[in-house]
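Open your viewer and keep the selection tool handy. We will walk through a few stops together, one selection at a time.

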Amino acid sequence: MIEIEFSIYLASKKEWVHLRKNIRFPAVPRVGESIKFNNSVVGDYFAWTVKQVTYRENGVIEVMTDLLDNINCRMYSFEEHDEFLEFYHSY
């Protein structure tokens with residue numbers, strides 16, 4: 001198992017957040033693959049697309065995901081700010 005530091009991004013029309021989560025995986029995900037993170041509050045039905053994988057000199061592997069639900073590069077995840085806050089607080 002490999003410990004990987006994931007960067008997770010959420011955004012509403014008003015604000016955005018960068019979350020980090022360390023997870024042990026059997027392999028390093030590749031660019032273009034999708035990851036689902038466990039969330040017992042709102043469910044794990046959203047998948048984040050891997051945008052970049054970085055191998056640091058100290059052995060840390062960082063995986064950056066694309067902005068959640070960034071349909072047509074609109075640059076936000078949620079239409080409603082309250083929904084954004086619900087997801088933000090659950091992760």
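Which residue in strand 2 is the bridge partner of Ser 7? Select Arg 20, because that is the partner of Ser 7 in strand 2 by the DSSP assignment. Keep in mind as you look around that this is a predicted model.

Now widen the selection to strand 1, residues 2-11, where 7 of the 10 residues are buried. Next, bring in strand 5, residues 61-65, which runs parallel to strand 1 and is joined to strand 1 by 4 bridges. To find one of these contacts, pick Glu 5, whose bridge partner in strand 5 is Glu 62.

Time for the rings. The model holds 10 aromatic pairs. Show Phe 6 and Phe 25: their ring centres are 5.3 Å apart and their planes meet at 45°, so this pair is tilted. Phe 6 sits in strand 1 and Phe 25 in strand 2, so the pair ties together parts that are 19 residues apart in sequence. Both Phe 6 and Phe 25 are buried.

For a stacked pair, move to Phe 84 and Tyr 88, with 6.2 Å centre to centre and 5° between the planes. Both lie in helix 1, residues 81-90, 4 residues apart, or about one turn of the helix. Colour by accessibility here: Phe 84 is buried at a relative accessible area of 1%, whereas Tyr 88 is partly exposed at 31%.

As a last stop, select Phe 6, Phe 25, Phe 37, Trp 48 and Tyr 91, which ring pairs link into a cluster.

Terms used:
Residues numbered from 1 in each chain as written. Predicted model: local features only at pLDDT ≥ 70, side-chain atom pairs only at ≥ 80, totals over all residues. Heavy atoms only, no water. Buried < 20%, exposed > 50% of the residue type's maximum accessible area, 1.4 Å probe, protein only. Helix = DSSP H or I, 4+ residues; strand = E, 2+ residues; numbered from the N terminus. Pairing = 2+ DSSP bridges. Phe/Tyr/Trp six-rings, centres within 6.5 Å; stacked < 30°, edge-to-face > 60°.
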